[in-house]
Amino acid sequence: MSLLIIRLLVFVVLFWAGLRLYRMYRQWKLSQDNHNDGQPAEREAQNMVRCAYCDLHLPENDAIRHEALHFCCQEHQQHFLDEGPRK
């Protein structure tokens, strides 16, 4: 009977140690993914807008805004305001 209890205790200790090692590995792996070249593992989705002059699509944060219009650069904004839409 005592041999059975000893085996059970050894099994429980090994299972607990394996679980701890797995959790430590998983935490280490997540921290490595988050610190990969200083960039996050996932990027936030951004709205895409179209340049009113050349029809280029770019992220809204990178676009130049004039009233309700978006432009990819200052030159296209100036061309649009001077000459109107590109034909």
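Phe80 touches Ala52, Tyr53, Leu69, Phe71 and Pro85, with residues up to four places away in sequence not counted; contact means heavy atoms within 4.5 Å. The model is predicted, so local features need pLDDT of at least 70 and side-chain atom pairs count only at pLDDT 80 or more, while totals for chains, interfaces and linings use all residues. Residues are numbered from 1 along each chain as its sequence is written, and side-chain values use heavy atoms, leaving out hydrogens and water.

Phe80 also belongs to the largest nonpolar core, whose 5 residues are Cys51, Ala52, Tyr53, Phe71 and Phe80. Such a core is a set of buried Ala, Val, Leu, Ile, Met, Phe, Trp, Tyr and Cys residues joined through side-chain atoms within 4.5 Å.

Ala52 lies in the loop between strand E1 (48-50) and strand E2 (57-59); strands are DSSP runs of E with at least two residues, and helices are runs of H or I with at least four, numbered from the N terminus. Ala52 counts as buried because its relative accessibility is 18%, the limits being under 20% for buried, over 50% for exposed and partly exposed in between (1.4 Å probe, protein chains only). Leaving aside neighbours within four places in sequence, Ala52 is in contact with Leu69, His70, Phe71 and Phe80.

The count of aromatic pairs is 2. The ring centres of Tyr25 and Trp28 are 6.1 Å apart and the planes are at 35°, so this pair is tilted. Rings of Phe, Tyr and Trp (its six-membered ring) pair if their centres lie within 6.5 Å; planes under 30 degrees apart count as stacked, over 60 as edge-to-face and the rest as tilted. Both residues lie in helix H1 (residues 2-34), 3 residues apart.
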